[in-house]
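Subject: Structure for your review

Dear colleague,

Please find the structure below, followed by a written account of what was found in it.

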Amino acid sequence: MLLIGPPGAGKGTQATYIAERFGIVSISTGDIFRENVKNETRLGQAAKSYLDAGQFVPDSVTNAMIRERLEQSDADKGFLLDGYPRTLVQVDYLDEILAAKGYELDLVVQLTADTEELVQRLLLRADRENRSDDTAEVIRSRMELYFTQTTAVTSRYNERGILTEVEGIGSIPEVTSRVSTALDLTLGSSSRQTTTLGAGVGV
Ligand code: ADP
């Protein structure tokens, strides 16, 4: 399963919920990069300047990292990817990994949210969590990058009929409930369709 959403849309929170519900591991590329930067590993050194600038880490670095992560045995039962793939090159690469393992994607959940609301959330988080990429300027460039790059990625999954959009604005339980309904609808039915759940729908 994939979870896609703009910066600040609450991917991490919902990823934890989904992973628990299905007993699968949740893998966040952003978390892995931040952890490596903190521990000053080689990967961290390669990624740091991109993270700080709010730019994508090069596909070659990100792809190699995700391949290695998916080799670990905790991913054998299935997994949720949060923050990957973010480019079409990554989409193709993930397809190759999955094909080699004989896996198929069940579902892609896209969290949607109003940009202004997201910027406000991120500025608040900057105070709380002290993330180096949560400055106003970097937030703007992450947001721009998301909208320019991700549309191509979500379009690809939409064409395959496995994309579900969920409105990400609301309280955490509200959004969780929408995600939950979306999962039931999509995974519970044999014929998949793109579903859009907005505020108040299916909650
Ligand atoms: P955001 O809330 O900005 O989406 P993430 O925690 O998902 O935050 O990612 C933080 C940073 O990690 C990104 O700005 C980018 O530099 C890097 N990153 C995460 N995932 C990817 C990816 N799939 N490809 C390239 N860079 C990535």
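**Cavity, pockets and ligand**

Strand E1 (2-4) and helix H7 (136-159) each contribute at least two residues to the lining of the largest cavity. Helices (H or I, at least four residues) and strands (E, at least two) are DSSP runs, numbered from the N terminus. This is a predicted model, in which local features need pLDDT of at least 70, side-chain atom pairs count only at pLDDT 80 or more, and totals for chains, interfaces and linings use all residues. Residues are numbered from 1 along each chain as its sequence is written, and side-chain values use heavy atoms, with hydrogens and water left out.

On a 1 Å grid over the protein atoms alone, a cavity is a set of points where a 1.4 Å probe fits but cannot get out, whereas a pocket is an open set with protein on both sides within 12 Å along at least five of seven lines; lining residues have an atom within 4 Å of a point. Grid points are joined across faces, edges and corners, and a volume is the space filled by probe spheres set on the points.

By this rule there is 1 cavity of 30 Å³ or more. The largest cavity has a volume of about 50 Å³, and its lining consists of Leu3, Ile4, Gly5, Lys11, Gly83, Tyr84, Pro85, Arg86, Tyr146 and Thr150. By class, this lining has 5 nonpolar, 3 polar and 2 charged residues; Ala, Val, Leu, Ile, Met, Phe, Trp, Tyr, Cys and Pro count as nonpolar, Asp, Glu, Lys and Arg as charged, and the others, Gly among them, as polar. The peptide bond from Tyr84 to Pro85 is cis, with omega near -5°. Pro85 is placed in the loop between strand E3 (79-82) and helix H5 (88-101).

The largest pocket has a volume of about 910 Å³. Its lining comprises 40 residues, of which Lys11, Arg34, Arg125, Arg131 and Arg142 lie nearest its centre. Helix H6 (115-129) is among the elements that each supply at least two lining residues, and H6 gives the largest share, 6 residues. This lining divides into 14 nonpolar, 14 polar and 12 charged residues.

The ligand sits in the largest pocket, meaning that more than half of its atoms lie within 2 Å of the grid points. Around the ligand there are 19 residues, and Thr29, Gln55, Gly83, Arg86 and Arg142 come nearest; a residue is near a molecule if one of its heavy atoms lies within 4 Å of it. Helix H2 (residues 29-38) gives the most to this shell, with 4 residues. The shell has 6 nonpolar, 7 polar and 6 charged residues.

A nitrogen atom of the ligand is 2.7 Å from an N or O atom in the side chain of Thr29. A backbone N or O atom of Val57 lies 3.0 Å from a ligand nitrogen atom, and a polar side-chain atom of Arg86 is 2.4 Å from a ligand oxygen atom. Taken alone, the ligand exposes 540 Å², of which the protein buries 96% (Shrake-Rupley method with a 1.4 Å probe; for residues, only the protein chains shown count as cover).

Yours sincerely,

Note on methods
Polar contact = N/O pair within 3.5 Å; in protein donor to acceptor, adjacent residues only side chain to side chain.
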